[in-house]
Amino acid sequence: GASAPMRDLYGLLKAVAPTPMTVLVRGESGSGKEVVARTLHELSGRSGPLVVFDASVTDPEMVRNDLFGHVTGAFTGARGARDGAFRRAHGGTLFIDEIGELPLDLQPRLLRALESREVLPVGSDEPVKVDVRVVAATHRDLDAMVREQRFRADLFYRLSVLSVPVPPQRAIKADIPLLAASIARRQGLDCRLSGEALRALEDYHWPGNVRELRNVLERAAVLSRGRQIEPRDLCLAPVTGDAGDGPVPSAAVAAGLLAPGDAPAGLTAAELKTLERRMIEQALGRNGHNKAAAARELGISLSTLKRRVARYGL
């Protein structure tokens with residue numbers, strides 16, 4: 001992007017990346033918070049890896065184990081030791097995605113780890129030193145959660161030493177041509193957009209942000225069958241005048257919630273099912289076959305995704 005909000009973001013990232021400062025990345029779902037975290041890591045000069053921990057898709061009973069690890073015999077079935085996300089990120093960056101979903105009872109342990117740079121594996125009495133830079137992200141209003149006592153104030157203040165806002169897609173519509181070209185190149189898509197299609201993308205409200213733009217382009221590349229992409233190939237949900245009936249994200253349309261009668265002209269039921277299966281397979285692949293994460297990306301419920309997975313034998 002080359003818009004003013006993106007240029008401001010680039011300047012902020014370049015300034016903070018080389019420091020050990022803890023960063024809180026804020027933005028709507030699908031706006032690119034993980035890309036920001038990866039950029040901070042790449043520009044940090046740290047030699048260790050970037051480790052991603054998604055608090056929203058981790059079993060609440062296993063969050064402590066996943067973050068801090070365990071020793072052999074710590075619990076039934078613990079036949080070997082496990083490092084956990086903090087120790088795997090030693091020398092590098094730990095990106096904690098959707099920090100607002102972290103269980104309240106585990107937040108003091110995370111705060112202690114941030115303050116002391118030590119972790120206590122499950123079943124151990126000996127803390128382990130870690131050299132980790134922490135970047136956290138959330139789409140939630142943590143300030144409101146603190147006021148409602150659903151998120152600890154001390155952890156919030158420790159995480160938000162520096163807050164980095166990521167602009168939503170609707171605030172950077174001038175960047176859509178650049179984004180579309182970048183997505184097409186990275187995904188290997190044949191996306192020759194007509195002028196009308198490009199204007200339709202720029203006029204759309206993008207409730208799913210950049211993630212939704214990627215899904216729209218992937219679907220349009222299939223529906224256009226090698227020809228120039230027209231507005232009808234984009235299958236964008238119309239903007240309604242009733243604010244109470246929010247538009248259906250087109251990512252949900254791409255994930256099999258489209259009836260054959262709603263499909264673009266000339267698309268058969270069999271072709272629609274093929275498209276549906278492909279979109280689900282790609283979403284699962286991008287998310288390491290984590291169904292909860294794939295469902296969130298596609299904008300559908302986990303139960304709906306599970307039914308589609310069973311239907312197609314994926």
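In the predicted model, the buried residues of helix α5 pack against elements of both secondary-structure types: the helices α3 (63-68), α4 (84-88) and α7 (153-159), and the strands β3 (93-97), β4 (118-119) and β6 (133-138). Helix α5 spans residues 107-116, and its buried positions are Gln107, Leu110, Leu111, Ala113 and Leu114. These residues lie on the same side of α5, because the arc they cover around the axis is only 160°. Exposed residues, namely Arg112 and Glu115, are carried by the face of α5 turned away from the buried side. Arg117 follows the helix and adopts a positive phi, near 55°.

Helix α3, one of the elements against which the buried residues of α5 pack, contains Asn65. The relative accessibility of Asn65 is 4%, so this residue counts as buried, the cut-off being under 20%. When residues up to four places away in sequence are not counted, Asn65 touches His70, Phe75, Arg82, Gly84 and Val122.

Strand β6, also packed against by the buried residues of α5, is paired with strand β1 (residues 23-26); the two run parallel and are joined by four bridges. Within this pairing, Arg26 has Thr138 of β6 as its bridge partner. Strand β1 additionally pairs with β7 (residues 162-165), again in the parallel sense and over four bridges. Here the bridge partner of Val23 is Leu162 in β7.

Key. Residues are numbered from 1 along each chain as its sequence is written. This is a predicted model: local features need pLDDT of at least 70, side-chain atom pairs count only at pLDDT 80 or more; totals for chains, interfaces and linings use all residues. Side-chain values use heavy atoms; hydrogens and water are left out. Buried means under 20% relative accessible area, exposed over 50%, partly exposed in between (1.4 Å probe, protein chains only). The arc is that of the directions from the helix axis to the C-beta atoms. Contact means heavy atoms within 4.5 Å. Two strands pair if DSSP finds at least two bridges between them.
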